[in-house]
Amino acid sequence: MNILILSGSPRKAGNTDLLVEAFVKGASQKHYVEVVPVRDYKVNPCMGCNACFRNEQHLCVQKDDMMMIYEKMAHADMLVIASPVYFYGLSAQLKAVIDRCHNPIRDTFCIKKMALLLVGAATLPELFDSILTQYQLCLNFFKLEDAGRVLVRGVKDKGDIKNTYALNEAFELGQQL
């Protein structure tokens, strides 16, 4: 299986990156895994102009790095969304990439499964509720299988995640695929 991870942390080598690394270690034993740190790509927000719906190639009028990400998504069997939680939502960098999937090119992708890796500083029980709702709506709309979730609360400073069971959970999730 080709697994593509969209990693939305703007902070290099932070808790989200550590969680992604643990998942990759487990999943790469049996699968090809590619990580796209969205912080390394220039992706503008969707403008809602719908130009991509009016041309056969579904080209966006914006000339940024999103075409490279579309190309990677086109070859993926599974998509993993990894993000820190900012104000009960995904990072702005990752949200821009997701919103650009408004493009009908998404209908050409072969993605069958999706997984979710989230890291939040707060410990509130409802910390991930809004993201989980959006995630479930995407699963339903695109008829995707939920391959699993690792949701980590109370992780704020770089490296805090090392003091939790989350890295083992992410490794095991990757390994069981």
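Lysine 72 and glutamate 34 pair up in a salt bridge, with their closest N and O atoms 2.6 Å apart. The term covers a side-chain nitrogen of Lys or Arg within 4 Å of a carboxyl oxygen of Asp or Glu. Lysine 72 sits in helix H2 and glutamate 34 in strand S2, so this pair ties together parts that are 38 residues apart in sequence. Helices here are DSSP runs of H or I with at least four residues, strands are runs of E with at least two, and both are numbered from the N terminus. Lysine 72 has 23% relative accessibility and glutamate 34 has 22%, so both count as partly exposed (buried is under 20% relative accessible area, exposed is over 50%, partly exposed is in between, using a 1.4 Å probe and protein chains only).

This is a predicted model, in which local features need pLDDT of at least 70 and side-chain atom pairs count only at pLDDT 80 or more, while totals for chains, interfaces and linings use all residues. Residues are numbered from 1 along each chain as its sequence is written, and side-chain values use heavy atoms, with hydrogens and water left out.

Helix H2 itself spans residues 66-74, and its buried residues are Met66, Ile69, Tyr70 and Met73. Looking down the axis of H2, these fall within an arc of 105°, so they line one face of the helix; the arc is taken from the directions from the helix axis to the C-beta atoms. The general rule is that an α-helix has 3.6 residues a turn, so residues three or four places apart point the same way. As for what covers the buried residues of H2, the list includes strands S1 (2-7), S2 (32-37) and S3 (78-84), plus helix H3 (92-99), with contact meaning heavy atoms within 4.5 Å.

Across the whole structure, the search turns up 6 salt bridges. One of them joins lysine 95 to aspartate 99, again with closest N and O atoms 2.6 Å apart. These two are 4 residues apart in helix H3, which puts about one helical turn between them. Lysine 95 is partly exposed at 31%, and aspartate 99 is partly exposed with 31% as well. Another salt bridge links arginine 106 with aspartate 107, where the closest N and O atoms are 3.5 Å apart. Aspartate 107 counts as exposed, at 56% relative accessibility.

Leucine 124 is partly exposed, at 33%.
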